[in-house]
Amino acid sequence: GPARAHSGARWGILFSHPRDFTPVCTTELGRAARLAPEFSKRNVKMIALSIDSVPDHLAWSKDINAYNGEQPEETLPFPIIADKNRELAVKLGMLDPDERDKDGMPLTARVVFVFGPDKKLKLSILYPATTGRNFDEILRVVDSLQLTAYKKVATPVDWKPGDSVMVVPTLPDEEAKKLFPKGVFTKDLPSGKKYLRYTPQPE
């Protein structure tokens with residue numbers, strides 16, 4: 001895939017959670033732990049953020065591993081930042097406007113931030129506390145981000161790795177033909193404009 005050619009480039013994902021020991025978060029972190037090898041294959045470092053304490057995280061990690069049907073150990077394949085005073089959550093705009101804990105304090109929403117090797121934010125997805133994330137989608141997005149970072153292509157709707165991609169509009173036809181030896185295919189449109197240009201996913 002596209003990431004292999006740039007194996008030195010480290011990507012990062014930061015995802016926040018409303019609370020330790022909550023049902024939806026437990027399923028999410030379980031899935032994240034399960035997918036950890038997929039993320040590391042893509043050179044992505046995962047970091048979770050929660051507004052609870054380190055001892056809580058360690059105890060909760062046991063539950064998450066047990067949920068996955070694994071040994072209930074205190075370790076997960078990624079760190080969890082303990083943001084007890086919500087300082088980071090506030091700074092990064094991660095608080096849910098509607099969901100509050102029993103003390104009336106706002107909870108962190110389910111945020112996904114993907115950072116490129118240049119440490120710049122490449123993508124953010126914000127879910128409310130009540131909706132669990134789709135980690136297959138997060139992996140798909142990483143594949144698209146990595147491919148499009150290094151090749152002059154964009155990924156169309158519902159793209160999956162291996163599908164055809166779009167040639168970016170700024171690339172002239174002549175250059176596109178040189179750049180994509182597998183061929184550039186243009187779809188005829190009523191407008192007569194030739195902007196729907198596809199090419200097989202470049203290696």
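**Close-up 1. Serine 16 and its partner across the strands.** In this predicted model, serine 16 has leucine 49 of strand 2 as its bridge partner. That pair belongs to a parallel arrangement: strand 1 (residues 11–17) and strand 2 are joined by 7 bridges. To get from strand 1 to strand 2, the chain goes by way of helix 1 (residues 23–41), and this β-α-β crossover is right-handed.

**Close-up 2. Strand 2 and what lies beyond it.** Follow the chain from strand 2 through helix 2 (residues 54–67) to strand 3 and you have a right-handed β-α-β unit.

Close-up 3. Threonine 108 sits in strand 5, which spans residues 106–108. A polar atom of the threonine 108 side chain lies 2.6 Å from the backbone oxygen of histidine 17. Beyond its neighbours within four places in sequence, threonine 108 is in contact with several residues, including Ser16, His17, Pro18, Leu49 and Ile51. Also among those contacts are Ala89, Met94, Leu95 and Asp96.

**Close-up 4. The hairpin of strand 4 and strand 5.** Strand 4 takes in residues 95–100 and pairs with strand 5 in the antiparallel sense, over 2 bridges. One place to look is arginine 100, whose bridge partner in strand 5 is proline 106. Between the two strands of this hairpin there are 5 residues, and glycine 104 takes a positive phi near 80°.

**Close-up 5. The largest pocket.** The volume of the largest pocket comes out at about 200 Å³. Which elements give two or more residues to its lining? They are strand 1 and strand 2. Strand 1 gives the most, with 4 residues. Among the lining residues are Arg10, Trp11, Gly12, Ile13 and Leu14, along with Lys45 and Ile47.

Notes:
Residues are numbered from 1 along each chain as its sequence is written. This is a predicted model: local features need pLDDT of at least 70, side-chain atom pairs count only at pLDDT 80 or more; totals for chains, interfaces and linings use all residues. Side-chain values use heavy atoms; hydrogens and water are left out. A polar contact is a pair of N or O atoms within 3.5 Å; within protein, one must be able to donate a hydrogen and the other to accept it, and residues adjacent in sequence count only if both atoms are side-chain atoms. Contact means heavy atoms within 4.5 Å. Two strands pair if DSSP finds at least two bridges between them. A crossover is right-handed if, with the strands pointing away from the viewer, the path from the first strand over the helix to the second runs clockwise. On a 1 Å grid over the protein atoms alone, a cavity is a set of points where a 1.4 Å probe fits but cannot get out, and a pocket is an open set with protein on both sides within 12 Å along at least five of seven lines; lining residues have an atom within 4 Å of a point. Grid points are joined across faces, edges and corners, and a volume is the space filled by probe spheres set on the points.
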